[in-house]
Amino acid sequence: EGGDEAEGAGKLLAQAMGEGVARLEALCEGVKAGVDVVVLPAEVARVWLSAPPARLGPGESFRVEVTPMDRRGAPLQPKDISWEASDPSVLRLNADGRFEARAPGRTRLTVNVGGKVASVNVTVGGLLTPEQIEEAMGGQGGVVDPALPAEAALDEAVGGALEGAPEAAPEGETPAGEGEEGAPTDYGST
(Lines give C-alpha, C1' and ligand atoms only; values in the text may rest on other atoms or scores of the structure.)
Protein backbone atom coordinates (compact mmCIF):
# COMPACT_ATOMS: atom_id res chain seq x y z
CA GLU A 1 0.00 0.00 0.00
CA GLY A 2 1.26 3.44 -0.88
CA GLY A 3 4.45 2.08 -2.49
CA ASP A 4 6.18 3.35 -5.58
CA GLU A 5 4.80 2.19 -8.90
CA ALA A 6 7.07 1.40 -11.83
CA GLU A 7 6.21 0.78 -15.45
CA GLY A 8 8.55 -1.03 -17.79
CA ALA A 9 9.59 -4.30 -19.27
CA GLY A 10 8.66 -6.36 -16.24
CA LYS A 11 11.93 -6.02 -14.35
CA LEU A 12 12.24 -4.26 -11.03
CA LEU A 13 15.27 -3.97 -8.80
CA ALA A 14 14.58 -3.72 -5.09
CA GLN A 15 17.17 -2.80 -2.51
CA ALA A 16 16.91 -3.90 1.11
CA MET A 17 17.22 -0.95 3.47
CA GLY A 18 17.15 -2.92 6.70
CA GLU A 19 15.92 -6.11 8.28
CA GLY A 20 12.21 -6.92 8.25
CA VAL A 21 9.48 -8.01 5.84
CA ALA A 22 8.53 -6.18 2.65
CA ARG A 23 5.64 -6.95 0.33
CA LEU A 24 6.41 -6.66 -3.38
CA GLU A 25 3.44 -6.56 -5.74
CA ALA A 26 3.23 -6.52 -9.51
CA LEU A 27 0.34 -5.77 -11.87
CA CYS A 28 0.45 -7.09 -15.43
CA GLU A 29 -2.46 -6.96 -17.84
CA GLY A 30 -4.94 -6.64 -15.01
CA VAL A 31 -3.48 -9.53 -13.00
CA LYS A 32 -2.01 -8.64 -9.63
CA ALA A 33 0.50 -10.85 -7.79
CA GLY A 34 2.65 -10.30 -4.74
CA VAL A 35 5.31 -11.85 -2.62
CA ASP A 36 6.58 -11.18 0.89
CA VAL A 37 10.33 -10.76 1.03
CA VAL A 38 12.10 -11.36 4.33
CA VAL A 39 15.27 -9.31 4.79
CA LEU A 40 17.56 -10.95 7.33
CA PRO A 41 19.87 -8.94 9.57
CA ALA A 42 23.31 -8.39 8.09
CA GLU A 43 26.05 -10.59 9.48
CA VAL A 44 29.05 -9.09 11.22
CA ALA A 45 32.04 -9.44 8.91
CA ARG A 46 34.58 -7.49 10.95
CA VAL A 47 34.86 -5.41 14.09
CA TRP A 48 36.48 -1.99 14.47
CA LEU A 49 37.86 -0.85 17.84
CA SER A 50 39.10 2.54 18.96
CA ALA A 51 42.56 2.56 20.49
CA PRO A 52 43.05 2.73 24.25
CA PRO A 53 45.06 5.64 25.69
CA ALA A 54 48.80 5.40 25.05
CA ARG A 55 49.51 6.34 28.67
CA LEU A 56 47.37 4.86 31.40
CA GLY A 57 47.92 4.59 35.13
CA PRO A 58 46.16 2.62 37.86
CA GLY A 59 42.79 4.17 38.76
CA GLU A 60 42.32 5.82 35.35
CA SER A 61 39.45 4.77 33.11
CA PHE A 62 38.62 4.93 29.42
CA ARG A 63 36.10 3.72 26.84
CA VAL A 64 36.75 1.55 23.82
CA GLU A 65 34.33 2.21 20.99
CA VAL A 66 33.31 -0.89 19.07
CA THR A 67 31.69 -0.82 15.63
CA PRO A 68 30.64 -4.04 13.97
CA MET A 69 30.58 -3.85 10.15
CA ASP A 70 28.98 -5.89 7.40
CA ARG A 71 30.88 -7.32 4.43
CA ARG A 72 30.66 -3.99 2.58
CA GLY A 73 32.07 -2.04 5.54
CA ALA A 74 28.74 -0.50 6.55
CA PRO A 75 28.34 -0.09 10.32
CA LEU A 76 25.84 -2.30 12.12
CA GLN A 77 24.08 -1.84 15.43
CA PRO A 78 26.16 -3.61 18.08
CA LYS A 79 24.33 -6.60 19.57
CA ASP A 80 25.48 -9.39 21.87
CA ILE A 81 28.82 -7.82 22.78
CA SER A 82 31.11 -9.60 25.24
CA TRP A 83 34.45 -8.35 26.57
CA GLU A 84 37.35 -10.19 28.16
CA ALA A 85 40.69 -9.04 29.57
CA SER A 86 43.46 -11.64 29.48
CA ASP A 87 44.60 -10.37 32.91
CA PRO A 88 41.64 -9.02 34.91
CA SER A 89 44.00 -7.91 37.69
CA VAL A 90 45.26 -5.21 35.27
CA LEU A 91 41.96 -4.06 33.73
CA ARG A 92 38.26 -4.45 34.46
CA LEU A 93 34.97 -3.34 32.89
CA ASN A 94 32.87 -1.13 35.15
CA ALA A 95 29.07 -1.09 35.22
CA ASP A 96 29.09 2.27 33.35
CA GLY A 97 30.84 0.69 30.33
CA ARG A 98 34.27 2.18 31.05
CA PHE A 99 37.42 0.14 31.52
CA GLU A 100 39.34 0.84 34.72
CA ALA A 101 43.08 0.31 35.02
CA ARG A 102 43.62 -1.61 38.24
CA ALA A 103 47.36 -2.32 38.44
CA PRO A 104 50.53 -1.96 36.35
CA GLY A 105 50.91 -4.60 33.69
CA ARG A 106 49.83 -5.65 30.22
CA THR A 107 46.58 -7.28 29.20
CA ARG A 108 44.87 -8.13 25.94
CA LEU A 109 41.34 -6.75 25.73
CA THR A 110 39.15 -8.88 23.45
CA VAL A 111 35.65 -8.13 22.20
CA ASN A 112 33.30 -10.65 20.59
CA VAL A 113 30.44 -9.30 18.47
CA GLY A 114 28.28 -11.73 16.53
CA GLY A 115 31.04 -14.34 16.58
CA LYS A 116 33.70 -11.96 15.23
CA VAL A 117 36.57 -11.14 17.55
CA ALA A 118 38.88 -8.13 17.74
CA SER A 119 41.62 -7.47 20.28
CA VAL A 120 43.83 -4.67 21.50
CA ASN A 121 46.75 -4.70 23.91
CA VAL A 122 46.50 -2.37 26.89
CA THR A 123 49.48 -1.37 29.01
CA VAL A 124 48.97 0.11 32.44
CA GLY A 125 52.05 1.86 33.76
CA GLY A 126 53.06 2.49 37.32
CA LEU A 127 56.09 3.10 39.46
CA LEU A 128 58.57 0.27 39.92
CA THR A 129 59.70 -0.79 43.34
CA PRO A 130 63.44 -1.07 43.98
CA GLU A 131 62.97 -4.85 44.18
CA GLN A 132 61.42 -4.95 40.69
CA ILE A 133 64.31 -2.91 39.28
CA GLU A 134 66.86 -5.12 41.03
CA GLU A 135 65.16 -8.24 39.65
CA ALA A 136 65.03 -6.80 36.12
CA MET A 137 68.76 -5.99 36.26
CA GLY A 138 69.68 -9.48 37.39
CA GLY A 139 70.90 -8.29 40.77
CA GLN A 140 73.43 -5.82 39.33
CA GLY A 141 71.96 -2.67 40.95
CA GLY A 142 71.51 0.68 39.26
CA VAL A 143 70.11 4.17 39.62
CA VAL A 144 66.70 4.94 38.18
CA ASP A 145 64.49 8.00 38.53
CA PRO A 146 61.58 6.73 40.70
CA ALA A 147 59.21 9.25 39.06
CA LEU A 148 59.48 7.49 35.69
CA PRO A 149 56.56 5.30 34.62
CA ALA A 150 57.26 1.61 35.20
CA GLU A 151 58.15 0.72 31.60
CA ALA A 152 60.48 3.69 31.15
CA ALA A 153 62.18 3.05 34.50
CA LEU A 154 62.62 -0.61 33.73
CA ASP A 155 63.93 0.17 30.24
CA GLU A 156 66.40 2.67 31.71
CA ALA A 157 67.45 0.20 34.41
CA VAL A 158 68.19 -2.61 31.98
CA GLY A 159 69.88 -0.37 29.43
CA GLY A 160 67.27 -0.54 26.69
CA ALA A 161 66.79 -4.31 26.89
CA LEU A 162 63.06 -3.76 26.48
CA GLU A 163 63.61 -2.30 23.02
CA GLY A 164 61.31 -4.05 20.58
CA ALA A 165 58.87 -5.07 23.31
CA PRO A 166 55.22 -4.51 22.42
CA GLU A 167 54.06 -0.95 23.03
CA ALA A 168 50.66 0.53 23.71
CA ALA A 169 48.59 1.57 20.71
CA PRO A 170 48.83 5.20 19.57
CA GLU A 171 46.40 7.71 21.03
CA GLY A 172 43.17 8.07 19.05
CA GLU A 173 41.14 5.75 16.95
CA THR A 174 42.71 3.02 14.89
CA PRO A 175 40.73 1.06 12.30
CA ALA A 176 40.55 -2.69 12.43
CA GLY A 177 43.04 -4.63 10.38
CA GLU A 178 43.95 -8.22 9.93
CA GLY A 179 46.83 -9.06 12.27
CA GLU A 180 48.55 -12.07 13.70
CA GLU A 181 47.43 -13.34 17.06
CA GLY A 182 49.30 -11.49 19.77
CA ALA A 183 50.32 -8.54 17.59
CA PRO A 184 50.42 -5.43 19.79
CA THR A 185 48.25 -3.31 17.51
CA ASP A 186 45.83 -5.97 16.29
CA TYR A 187 42.51 -4.13 16.18
CA GLY A 188 41.01 -6.42 13.54
CA SER A 189 38.61 -9.28 13.35
CA THR A 190 39.78 -12.85 13.49
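A salt bridge here is a side-chain nitrogen of Lys or Arg within 4 Å of a carboxyl oxygen of Asp or Glu. I started from that rule, working on a predicted model.

**Entry 1: salt bridges**

I searched the structure and got six salt bridges. I looked at three of them in turn.

I took Glu19 and Lys79 to begin with. Their side chains meet in a salt bridge, with N to O at 3.6 Å. I then checked where the partners sit. Glu19 is in the segment before strand 1 (20-28), and Lys79 is in the loop between strand 5 (66-69) and strand 6.

Next I looked up Asp36. Its side chain meets that of Arg23 in a salt bridge, again read from N to O, at 3.4 Å. Asp36 belongs to strand 2 (residues 31-39) and Arg23 to strand 1, 13 residues apart. I asked how exposed each partner is. Asp36 has a relative accessible area of 47%, so I put it down as partly exposed. Arg23 comes out at 48%, so it is partly exposed too.

Then I turned to Lys32 and Glu25. This salt bridge joins their side chains at 3.4 Å, N to O. Lys32 counts as exposed because its relative accessibility is 58%, and the cut-off for exposed is over 50%. Glu25 counts as partly exposed, at 45%.

Which residues do shared partners join into one network? I found Arg23, Glu25, Lys32 and Asp36 in it.

**Entry 2: aromatic rings**

I ran the ring search over the whole structure. It returned two aromatic pairs. For one of them, Trp83 with Phe99, I read off the geometry. The ring centres are 5.0 Å apart and the planes stand at 75 degrees, so I logged the pair as edge-to-face. The angle cut-off for that class is over 60 degrees.

I placed both residues on the chain. Trp83 is in strand 6 (residues 81-85), Phe99 is in strand 8 (residues 99-101), and 16 residues separate them. I recorded the pair as a link between distant parts of the chain.

Phe99 is buried, at 3%. I also noted one aromatic cluster, formed by Phe62, Trp83 and Phe99.

**Entry 3: the second largest pocket**

I sorted the lining by class. It has 13 nonpolar, seven charged and four polar residues.

I followed up on Asp70 from that list. It lies in the loop between strand 5 and strand 6. Its relative accessible area is 8%, so I marked Asp70 as buried; the limit is under 20%. What does its side chain reach? I found the backbone nitrogen of Arg72, at 2.9 Å.

**Entry 4: Gly115**

With 54% relative accessibility, Gly115 counts as exposed. I took one distance from it: the C-alpha atoms of Gly115 and Ser82 are separated by 9.9 Å, and the two residues are 33 apart along the chain.

Notes
Residues numbered from 1 in each chain as written. Predicted model: local features only at pLDDT ≥ 70, side-chain atom pairs only at ≥ 80, totals over all residues. Heavy atoms only, no water. Buried < 20%, exposed > 50% of the residue type's maximum accessible area, 1.4 Å probe, protein only. Phe/Tyr/Trp six-rings, centres within 6.5 Å; stacked < 30°, edge-to-face > 60°. Helix = DSSP H or I, 4+ residues; strand = E, 2+ residues; numbered from the N terminus. Nonpolar A, V, L, I, M, F, W, Y, C, P; charged D, E, K, R; others polar. Polar contact = N/O pair within 3.5 Å; in protein donor to acceptor, adjacent residues only side chain to side chain.
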